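Please keep the sequence and the coordinates at hand while reading.

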Amino acid sequence: KQWYQRRVRELQPVETAADRQQTDYKTALELELWKEVEQEKFVRELEEKSELKLKQITAEWKRKETEREEDVRRQIVEYNRLKEKMKLALRDLEARESRLIDEERKGELLGETLIKSKTKVVVVASEAHKMGDLTPELLDGEEMPEFFTVPKDKNLRTVWKQDC
């Protein structure tokens, strides 16, 4: 009320008492004061609504930012997990490759050894056959390893040429 009365005095021009008594003047003055009060009330309400909306927007932004950060953290964890899994798989593959290379070398060496052994056996058997020391049972493969068997219808040299 004090504010209202002070505002009324500020807006009243210095005039005669007779002019102030006029009903139109009073009504216009009250209307002007009511208008100012309503404008100030409207501005306050607008500011309150703006603050409320700004708080809502800020809270929504913070919530979304938190969700985004959590998603990024989860993706980083998943990335690191997959990275470790890939490293383990790579180590396993390298170990397998190494074992396969070793097995291939062993197989090659075994193959070379086998060929050398077969050559020696064939040469020895051929020489023994020339000298007449081999019996027909040996040539049929009874005493020799399976891969050295000689069919009855072929001689030792024919078998050797086919195998090599």
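The model is predicted, and a search of the whole structure finds 12 salt bridges.

**The pair Glu-38 and Lys-41**
- Glu-38 and Lys-41 form a salt bridge in which the closest N and O atoms are 3.3 Å apart.
- The two residues are three apart in helix H3, which covers residues 23–131, so about one helical turn separates Glu-38 from Lys-41.
- Glu-38 is partly exposed at a relative accessible area of 29%, and Lys-41 is likewise partly exposed, at 35%.

**The pair Glu-70 and Arg-73**
- A salt bridge joins the side chains of Glu-70 and Arg-73, with an N to O distance of 2.9 Å.
- Both residues belong to helix H3, where three residues, or about one turn, lie between their positions in the numbering.
- Glu-70 has a relative accessible area of 34% and is partly exposed, while Arg-73, at 47%, also counts as partly exposed.

- Asp-71 and Arg-74 form a salt bridge whose closest N and O atoms are 3.0 Å apart.
- Asp-71 counts as partly exposed, with 35% relative accessibility.
- Arg-74 and Asp-71 both lie in helix H3, three residues and about one turn apart.
- Through salt bridges that share partners, Glu-69, Glu-70, Asp-71, Arg-73 and Arg-74 are joined into one network.

Methods:
Residues are numbered from 1 along each chain as its sequence is written. This is a predicted model: local features need pLDDT of at least 70, side-chain atom pairs count only at pLDDT 80 or more; totals for chains, interfaces and linings use all residues. Side-chain values use heavy atoms; hydrogens and water are left out. A salt bridge is a side-chain nitrogen of Lys or Arg within 4 Å of a carboxyl oxygen of Asp or Glu. Helices (H or I, at least four residues) and strands (E, at least two) are DSSP runs, numbered from the N terminus. Buried means under 20% relative accessible area, exposed over 50%, partly exposed in between (1.4 Å probe, protein chains only).
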